[in-house]
Amino acid sequence: MMSEFDVIVVGGGPAGTSAAIRLAQNKVNVLLVDRADPPGSKNVSGGVLWGNDLGKIIPDWEKIIPVERLITRKGTTFLTKDSAISLDFSSRKFLTNRTGYSVLRVKMDLALAKKAKEEGAMVIGGVTVDSVARKDGKIIGIEQDGDTITSDTVILAEGANPRVAIDSGLRKPIGDRDVAIGVKQIYKIPEDKINERFNLSGNEGFAGEYVLGYLPDGVEAGGFLYTNKNTLSVGVVVSPSHLRNYGQMHSYDIMEEFVQHPSIARLVEGGRLEEYSAHLVVEGGLSSVPKLYGDGYMIAGDAAGFSFSNGLVIQGMNYAIASGIAAADTFIEAKEKGNYTAKALSDYQKKLEESYVLKDLRTFKGIENSTWSSMAHRTIPDILERFLFRLNLEDGLPKKHILELLLRSVSESGHNKTSLALEAYRMMRRM
Ligand SMILES: Cc1cc2nc3c(=O)[nH]c(=O)nc-3n(C[C@H](O)[C@H](O)[C@H](O)COP(=O)(O)OP(=O)(O)OC[C@H]3O[C@@H](n4cnc5c(N)ncnc54)[C@H](O)[C@@H]3O)c2cc1C
């Protein structure tokens, strides 16, 4: 029996829309379904888009995708209760060598879905897929509200909470180690004020990542603040096990702590809160990656556990786009042979192994143990604060060598120098 579609893509985020665009451009009969209407309208990212891969499917993507600002200034900051310790890097080199654009996901996802439609894909919003449909053990399409829609292959690109893949037994349920909780606010602030506050001009943008080293009860969280044209994207990312196991904090309390920190409050001051959202962030590294293909299906993007975070960046959209395109290319080659078995689709894994998607996950295996650690969240901020405070203090006493000040700060923090050096070395190796 002929299938109704060559491919059904579940999910209209960057993974799903990129797959659909590539497929439609190659005359594949593709249906993209998303539970939101319009597709992608409930999606959340920080978000800085590393968009190079979009160039493979949309040559002039920087004009087609509504990007906000080109990031030319990057900040990495440890926040303690009283201090902010930053590494601030701005460079004109970023004007010609991209490090990413700030984007607003609802606008971006709408533009990608529109492009998929223009290329010939059928795009339907407001459809929540219940499960994959099976016949003789092979996946033959999707089930929704008791109806079956058939296809030769299903690409699951349903994001960080992949219910269809889990309920269909195609990946194990998501655990605490696989995800973090992201909370995000958008503040409206006039464009000229943003430029003034962040020392920017024209469409230059700032992307700041923060380690929140001051939360009560040992709760670990990271923060971010990105400039858009006339809004700021501000958010926190926190580990669910920390919320459950330590103290009484909720994710929204941590968001409040972040925006009220003196060095953040002055940046968002006067801003009108326009949006508040929460979403899972994929953080589990290689151990969260499921089997990526089988008879009649492939899994892409967050649903496949593809993301990278080293405390200095959160990246997921680029992995989503790259894996969506790789899944599409695998199908296009399989179609030439009319073979959609696991063996034929295994080329997907090969393509990902050859690209940065799986190479990065292998290179940075275990990095989550460093980014989520008391070393990163407490020890380093504490020692740096003590050291820099002493270094810059005018107290009328004779000065000390920098190394002596540093060693004294380590001792005062209560850490053993040797074990600290060893732990720091291990951490640097992972990063
Ligand atoms: C707070 C936060 C900050 C982040 N910051 C950044 C950043 O700065 N840079 C970066 O690159 N990445 C960032 N990320 C990660 C990035 O957002 C994800 O990696 C990326 O969105 C993954 O794309 P995706 O297409 O796989 O999934 P998603 O974008 O989540 O899209 C999944 C789609 O599937 C749909 N869907 C789900 N279930 C069903 C169903 N059953 N039926 C039909 N449709 C369904 C959803 O509606 C959604 O449209 C951030 C994430 C968060 C939460």
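In this predicted model, N199 is placed in the loop that runs between α6 (191-198) and β12 (204-212), helices (H or I, at least four residues) and strands (E, at least two) being DSSP runs numbered from the N terminus. Although N199 is not a glycine, its phi is positive, at about 55 degrees, and the residue is exposed, with a relative accessible area of 66% (exposed means over 50% relative accessible area, with a 1.4 Å probe and protein chains only). A positive phi, near 50 degrees, is also found at D145, a residue other than glycine; D145 belongs to the loop between β9 (138-144) and β10 (147-156) and is exposed, with a relative accessible area of 65%. Most residues other than glycine have a negative phi, and most peptide bonds are trans. The peptide bond joining D37 and P38 is cis, with omega about 0 degrees, and P38 lies in the loop between β2 (30-33) and β3 (48-49).

Helix α10 (residues 317-337) packs against helix α12 (residues 347-354) at an angle of about 140 degrees, their axes being 9 Å apart, where axes are lines fitted to C-alpha atoms over the stretch in contact and angles run from 0 to 180 degrees between N-to-C directions. The contact (heavy atoms within 4.5 Å) involves S323, A326, A327, D329, T330 and E333 of α10 together with D347, Y348, K351 and L352 of α12.

Residues are numbered from 1 along each chain as its sequence is written. Because the model is predicted, local features need pLDDT of at least 70 and side-chain atom pairs count only at pLDDT 80 or more, whereas totals for chains, interfaces and linings use all residues, and side-chain values use heavy atoms, with hydrogens and water left out.

Key:
Buried means under 20% relative accessible area, exposed over 50%, partly exposed in between (1.4 Å probe, protein chains only).
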